Amino acid sequence: MIERRPFESLGGADHGWLKAKHHFSFANYYDPKRTRWGALRVWNDDEIAADSGFPPHPHADMEIITFVRQGAITHTDSMKNEGRTGAGDVQVMSAGSGVRHSEYNLEPETTKIFQIWIEPTEKGRPPSWGAKPFPKQDRSGRFVALASGKKEDEDALPIRADARVLGATLKAGQTTEYTLDEGRRAYLVPSTGIVEVNGVRLTQRDGAAVQNERRLKVTALEDAEIVLVDVA
C-alpha cells in the first residue's frame, strides 16, 4: 500500500524567516492520522531565509538527520561542534542524553532542508554530531545510504536507530528499485522532479507512506532527486 500525501495537504507554518511544511504532526500542527510512521516521527520541509535560523534549543533521545536541498546550514552545539553542511549533503545529530544546538542559514540565499527525526533504539547515550558530503554522482541511478543504523552501511553517517536514510538521483526515464524487508515501512519524498513509485505519481515534495510492499520500483518522469527512509 502506498498513500500519496500531496505537498498541498501537509500541515505547516509561516514565521516570515521560516516557511515550514510538516509531513507529520509537529509543533502547533496536529493530525491524528499523521503522527508517525513506525520509528519515523518527524519529516519537516523547511525554507530558512538568509541570515536567520534556529537559536540554541535542547533535544534529547532523538536521531535528527538534516538533508540540505539548497543553500547551506551552519550548526553549533553544546559539545563544541561546528560545521557547515551544503546542498546535497547530510548532517546527523544523535541527541542522546541531551544537547543544545543552533542551526543558522548564514548564506545570502534561502536555504531549503528536509529535517527527519527517527526514534532511537537506545536512550540516554552520549550525544554526538557528524556531517558528510555525498557527491551526486555516487547516488546517480541508485539508492545510496546517507545515514544508517545498519553495520553494513559503512559509508553512511551512523545513527542509533533501526533505520536507513537513502538518497538517489535519477535522470528522466531512469528506473531504480529498492527492496524492503518483511514488516518494514518506508517514507519517500522527491526533493525535486516527478516520479512514479509502483505506479503512484509523486510530484516535487509530495510524501509517499509505504507499507506491505516488498519492492519499490521508482521511475523518474523528469530529472529527480529522491530521499527515502526505511524504518521498522
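This is a predicted model: local features need pLDDT of at least 70, side-chain atom pairs count only at pLDDT 80 or more; totals for chains, interfaces and linings use all residues.
Q: What makes Asp206 and Arg4 a salt bridge?
A: Their closest N and O atoms are 3.0 Å apart. The cut-off is within 4 Å, so the pair counts as a salt bridge. Asp206 sits in the loop between β19 and β20, and Arg4 in strand β1, 202 residues apart.

Q: Why is Arg4 called partly exposed?
A: Arg4 has 37% relative accessibility. Buried needs under 20% and exposed needs over 50%, so Arg4 counts as partly exposed.

Q: How do you know that Glu177 forms a salt bridge with Arg215?
A: The closest N and O atoms are 2.8 Å apart, and the rule asks for within 4 Å. Glu177 lies in strand β16 and Arg215 in strand β21, so the pair ties together parts 38 residues apart in sequence.

Q: What makes Lys150 and Asp162 a salt bridge?
A: Their closest N and O atoms are 3.0 Å apart, and the limit is within 4 Å. Lys150 is in the loop between β13 and β14, and Asp162 in the loop between β14 and β15.

Q: How do you know what radius of gyration a compact globule would have here?
A: With 232 residues, it would be near 17 Å. The protein chain has 17 Å, which agrees.

Note on methods. Residues are numbered from 1 along each chain as its sequence is written. Side-chain values use heavy atoms; hydrogens and water are left out. The radius of gyration is taken over C-alpha atoms; the globule rule is 2.2 Å times the number of residues to the power 0.38. A salt bridge is a side-chain nitrogen of Lys or Arg within 4 Å of a carboxyl oxygen of Asp or Glu. Helices (H or I, at least four residues) and strands (E, at least two) are DSSP runs, numbered from the N terminus. Buried means under 20% relative accessible area, exposed over 50%, partly exposed in between (1.4 Å probe, protein chains only).
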